[in-house]
Amino acid sequence: MTDDDQDEWLDYASAGYGGAIDPWEDLVPVDDSEESDEDLEDEDDFEDDTPALRDMEAPPCPAPMGIRHVIRLGACDHCLARIGGRLNEGGVPAKEHGARIRVDAIERDSMLSEISPDYCPFCEDLFDDIQNIVVRILRETEGVEFNTLQMGHHISKELVEEEDYLRKRFGARGAPPLKASFAAAVELALKEKITDIELVKEVPDVMILVDSLTLRVKAEVRPVFLYGRYRKMSREVPQTRWPCRACKGREGGCESCEMTGLQYLHSVQDLVGEPIRKLLEADDTSFHGMGREDIDVRCLGRGRPFVIEVKRPKKRTPDIEGLLTSIAEGAEGLVEVDELRPSTRPEVARIKETKAEKSYRIRFTIEGDPLDQEDAEQRILGLSGVMLEQRTPKRVAHRRSDLVRKRELVSIENVVVEDNEIQFDVRCQTGTYVKEMVHSDDGRTTPSVAEVLERACEVLWLDVLEIHAE
Ligand SMILES: [Zn+2]
Ligand SMILES: [Zn+2]
């Protein structure tokens, strides 16, 4: 700025104060009452007026003119309390605090009493819905046992952005944003109805999701997880529920599954899971085993580790002894579980990733004349410690890619040769195809028992003796 410019500016600036020229003389005073009356008479005009108000200059709250402005914008009592920046003496409820701020403002400017806050641009009247939302939360969680609760609120992006603009322009510095304030108000109202819950930020028993636009309230009940080991004493029971091939397990089933919807009436999942599901009043279960055995393979010893996931349970503090008794009664000896303990979702991943060695007992027949016992035993024991090369077996080739895996045959013992039948115990790495290790799968597994005996072998049965984990 040059000195000349500065002089000119000073002339102009002082002109309004007793100078020759009054730059404001063409302005007429604004009649607030007239403007308000018009607004009330004609809603269209009122709406047209809103954008102008929202963009108008006004000092931020808590300046009286700022409070006057947000009242003119239509702020509700809740939002007045939130963005007004006035001290809440006595810590009264937000709505009451906001009403006081309004009364004070009306005392300063009686025109404000004619503005009814029937549509608050700072919250779109969301705070009016709080009791309604609480009722819906109570309805959604009726009969559900829970100690911890987490709330999630969805508020439309448009409202969040508009509120942010208005609050930063006219609200007090540091005023809390809508979402945080709204969440706190819902929590407060909820705690008046349910006293024995803890609101948490993670791993809640129940997660409540509120959509502020539709007022839809959804309760997600965290599953209950239980860890145990099962023994499967039957050769006719699959590990997991197996839908009928003919009807794909549709509701009501079909003739071929005798209306059960199941290919096999029983499964470990249901023999263990159904009693638990019923006692915890849950919707369904998922079964996560540390691997699985074929349907015709028994699983003995300490059993196979598993985690059962009980979905949407109404009860979440199981009586473990009661569960075990109920499983034992329903399983009729097909499946046995000795112990259960509470578990977690991360444990599901852990047991799925555990690579445990396994011991099996296997019995098979050989083609042709019986072999010399001593010779056959030595040949089989000679496989102890070898590295098998196993090309994907024909029986699973339709669902697994064709490749060659190497698996260690850790040890062999207890070889019994009885005429044309031979039996032995073998310990091997996880993922070994044990039946193929005996019959060779037409040479796809090598070496094999069939190869060292130089005889075709046919597997009679197979049992898991032990899963060497934990
Ligand atoms: Zn509001
Ligand atoms: Zn069917």
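Which residues in α10 meet which residues in α11? I opened the notebook with this contact, in a model that is predicted.

**Conventions.** I noted that residues are numbered from 1 along each chain as its sequence is written, and that chains are lettered from A and ligands numbered from 1 in the order in which they are written. In this predicted model, local features need pLDDT of at least 70 and side-chain atom pairs count only at pLDDT 80 or more, while totals for chains, interfaces and linings use all residues.

**Entry 1: α10 and α11.** I found that L271, V272, E274, P275, I276 and L279 in α10 meet G322, L323, S326, I327, G330 and A331 in α11; contact requires C-beta atoms, placed from the backbone, to lie within 7 Å. I sorted the residues of this contact into eight nonpolar, three polar and one charged. Here Ala, Val, Leu, Ile, Met, Phe, Trp, Tyr, Cys and Pro count as nonpolar, Asp, Glu, Lys and Arg as charged, and the others, Gly among them, as polar. The axes of α10 (residues 268-279) and α11 (residues 320-331) come within 9 Å and cross at roughly 130°. Axes are lines fitted to C-alpha atoms, for helices over the stretch in contact, and angles run from 0 to 180 degrees between N-to-C directions. The two helices, α10 and α11, are therefore oblique to each other; angles under 35 degrees count as roughly parallel, over 145 as roughly antiparallel, 65 to 115 as roughly perpendicular and the rest as oblique.

**Entry 2: α4 and α6.** I next looked up α4 (residues 64-73) and α6 (residues 94-108), which pack at an angle of about 105° with their axes 10 Å apart. They are therefore roughly perpendicular to each other. In α4, P64, I67, R68 and I71 meet I101, R102, A105 and R108 of α6. This contact of α4 with α6 has five nonpolar, no polar and three charged residues.

**Entry 3: a sheet.** I traced four strands in an open sheet of mixed pairing, in the order β2-β1-β3-β4; strands pair if DSSP finds at least two bridges between them. Strands β2 (198-199) and β4 (216-221) stand at the edges, each with a single partner strand, so one side of each is left without a neighbour in the sheet. Strand β1 (residues 148-154) pairs with β3 (residues 206-211) in the parallel sense over six bridges. Helix α9 (residues 178-193) packs on the sheet, touching β1 and β2, and its direction makes about 140° with that of β1.

**Entry 4: whole protein.** I recorded 15 helices and 14 strands; helices (H or I, at least four residues) and strands (E, at least two) are DSSP runs, numbered from the N terminus.

Definitions and conventions
Two residues are in contact if their C-beta atoms, placed from the backbone, lie within 7 Å.
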